[in-house]
Amino acid sequence: MANVLEARGLSREFGGFRAVSNVDFALKEGTIHAVIGPNGAGKSTLFNLLTKFLSPSEGRILHKGEDVTALRPPAMARRGVVRSFQISAVFAGLTVRENIEMALLRTNGIGWSFFSSIARRPAIRRRVDEMISRFSLDEHADTQAGNLSYGRKRVLELATTLALDPDVLLLDEPMAGLGHEDIGRITDLVRESGKGRTILLVEHNMRVVSDLADQITVMVRGEVLAEGSYAEVSSRPDVIAAYTGGQHHG
Ligand SMILES: Nc1ncnc2c1ncn2[C@@H]1O[C@H](COP(=O)(O)OP(=O)(O)OP(=O)(O)O)[C@@H](O)[C@H]1O
């Protein structure tokens, strides 16, 4: 399996403190890969480096073998590497349908000013209807996004991100703040969305990680401690010690 995204010797310092330290990492095409680790392990920093929201102090990032270390997030998006923006990607004053229309229009490079007329085009309408039903948002299609429950907002966020049809989808704690039922629903949607794509997620919920991830990277104190399947990493004494030995639990 080819590596879609790779980090080589990646480090990031904050005022002399190494949040990510000499990390080698490979995201293999077609997999769902989770980054886990106790609080403060450097997961979000690694995520922000890989998604180009932070620049590294040292090291390189490769996309399909090409050095993309210097590229900015929009250039990565054009290469099909897209990060979910959480709630902020969703426009509270627009309905669910309008939010999905917007996302699809953005994908097609069509600006807001053409929105109302072009959104009525049959092809776009069909795509919007498809997405609404795929994400079980039918009942809420005409609800303003700002009035949705937190869980439905996250579903809508995933829908608007997937409207971009990314090859590589990067999700930062997709289950954060969700209740049991929503976690189940979003787990199913992420699994479904993973077909034909590569997904990297930072996630604290171990049930979700064991349900979804083909490959897991465990980070501790800025470094990669272990890699493998859930069964492999969860049985390693050093991984267990990292979770139970720290002051905080992830
Ligand atoms: N912008 C920043 N400035 C200074 N220190 C930072 C910054 N971002 C992160 N850090 C520090 O780097 C370390 C790693 O943080 P990071 O958020 O990457 O960890 P994490 O594994 O994502 O933690 P959590 O599970 O709590 O989200 C922490 O000690 C944090 O305080």
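Which residues does the domain assignment of the chain give to domain 1 and to domain 2? Domain 1 takes 1–80 + 168–250, and domain 2 takes 87–165, with bounds that come from an automatic or database domain assignment.

A word on the model before we go on. This is a predicted model, where local features need pLDDT of at least 70, side-chain atom pairs count only at pLDDT 80 or more, and totals for chains, interfaces and linings use all residues. Residues are numbered from 1 along each chain as its sequence is written.

The chain has 10 helices and 10 strands; these are DSSP runs numbered from the N terminus (helices: H or I, at least four residues; strands: E, at least two). Its radius of gyration is 19 Å, close to the 18 Å of the globule rule for 250 residues, so the chain is as compact as a globular protein of that length. Here the radius is taken over C-alpha atoms, and the rule is 2.2 Å times the number of residues to the power 0.38.

Now to the two domains. Their centres, taken over C-alpha atoms, are separated by 27 Å. Contact between them involves 10 residues of domain 1 and eight residues of domain 2, counting C-beta atoms, placed from the backbone, that lie within 7 Å. On the domain 1 side, H7 supplies the largest share, five residues.

H7 (residues 180–193) also meets H6 (residues 150–162): their axes come within 10 Å and cross at roughly 10°. That makes H6 roughly parallel to H7, a label for angles under 35 degrees. On H6 the contact is made by Gly151, Arg154, Val155, Leu158 and Leu162, and on H7 by Asp182, Arg185, Ile186, Leu189 and Ser193.

The ligand has 11 residues around it, the closest being Phe14, Ala19, Lys43, Ser44 and Thr45; the cut-off is a C-beta atom, placed from the backbone, within 6 Å. Helix H1 (residues 43–50) gives the most to this shell, three residues.

Note on methods: Axes fitted to C-alpha atoms, helices over the stretch in contact; angles between N-to-C directions. Parallel < 35°, antiparallel > 145°, perpendicular 65-115°, else oblique. Contact = placed C-beta atoms within 7 Å.
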